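I opened this notebook to record what I looked up around the ligand and its surroundings.

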Amino acid sequence: MLRAIYPGSFDPVTLGHMDIIRRSSNIVDELIVGVLNNNAKTPLFSVKERVRMLKEATKELENVQIIPFEGLLIDFVKKMDAKLVIRGLRAITDFEYELQMSQTNHKLAPDIETMFLTTSLEYSFLSSTTVKEIATFGGDISQFVPPVVIENIKQKMEIKNKKESITHE
Ligand code: ADP
């Protein structure tokens, strides 16, 4: 049985991520989407919120599970008893970082492989950061994210804008 881990921040999940999730879930028997709790970054959504949105967005995919993790990716992969890591490649700019990470992981855990799926053309420009930028200025993100994200991001932005207007008073 082939179990793979697709790790990332997913802050928030985009249709680019969904494309990779859907396509890799067709290749492997079980796909675990690992949601990274990274203390070094200040995310817009908490891990709990990111997990909840991913669960909703993937509810129709029977062999997909959403699990949060922190610490080293290879430790999480081993804990989940998986042998394969899946990452998405958008552009050449992703490549250097991804190559470095996969080679480092391979050194640390030689029996774990990384597999890259190249993004579908229509999502090659898409990132969580772009989505957050558009949403900050009240733009329409409906063609970039699953429906569950739209409502959640709206609420987040309202809270954020309220906080900012208070601190600027
Ligand atoms: P990280 O913070 O680890 O880069 P992300 O949540 O940004 O996590 O992305 C997780 C994975 O999804 C990465 O492998 C990234 O390259 C991939 N990815 C992100 N956006 C897209 C997209 N639009 N199309 C395909 N893959 C993507």
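What volume does the largest pocket have? I read a value of about 1000 Å³. The model is predicted, so to speak of local features I require pLDDT of at least 70, and side-chain atom pairs count only at pLDDT 80 or more, while totals for chains, interfaces and linings use all residues. Residues are numbered from 1 along each chain as its sequence is written, and side-chain values use heavy atoms, with hydrogens and water left out.

Entry on the pocket. I noted 39 lining residues, of which P7, G8, S9, K41 and R87 are the closest to the centre of the largest pocket. A pocket here is an open set of points on a 1 Å grid over the protein atoms alone, where a 1.4 Å probe fits and protein lies on both sides within 12 Å along at least five of seven lines; lining residues have an atom within 4 Å of a point. The volume is the space filled by probe spheres set on the points. I found that helix 4 gives the largest share of the lining, eight residues. By class, the lining has 15 nonpolar, 16 polar and eight charged residues; Gly counts as polar, and Asp, Glu, Lys and Arg as charged.

Entry on the ligand. I confirmed that the ligand takes up the space of the largest pocket (more than half of its atoms lie within 2 Å of the grid points). The shell has 17 residues, and Y6, S9, F10, G88 and Y123 come nearest (a residue is near if one of its heavy atoms lies within 4 Å). Strand 1 (3–8), helix 1 (15–27), strand 4 (84–89) and helix 4 (92–108) each supply at least two shell residues (DSSP runs, of at least four residues for helices and at least two for strands). I listed the shell by class as six nonpolar, six polar and five charged residues.

Entry on polar contacts (pairs of N or O atoms within 3.5 Å). An oxygen atom of the ligand is 2.6 Å from a side-chain N or O atom of Y6. For F10, a polar backbone atom is 2.9 Å from a ligand oxygen. For H17, a side-chain N or O atom is 3.2 Å from a ligand oxygen. Taken alone the ligand exposes 550 Å², and the protein buries 89% of that (Shrake-Rupley method, 1.4 Å probe).

Entry on the backbone. I located F10 in the loop between strand 1 and helix 1, with a positive phi of about 50° although it is not a glycine. P12 is also in the loop between strand 1 and helix 1, and a cis peptide bond joins D11 and P12, with omega about 0°.

Technical notes. Polar contact = N/O pair within 3.5 Å; in protein donor to acceptor, adjacent residues only side chain to side chain.
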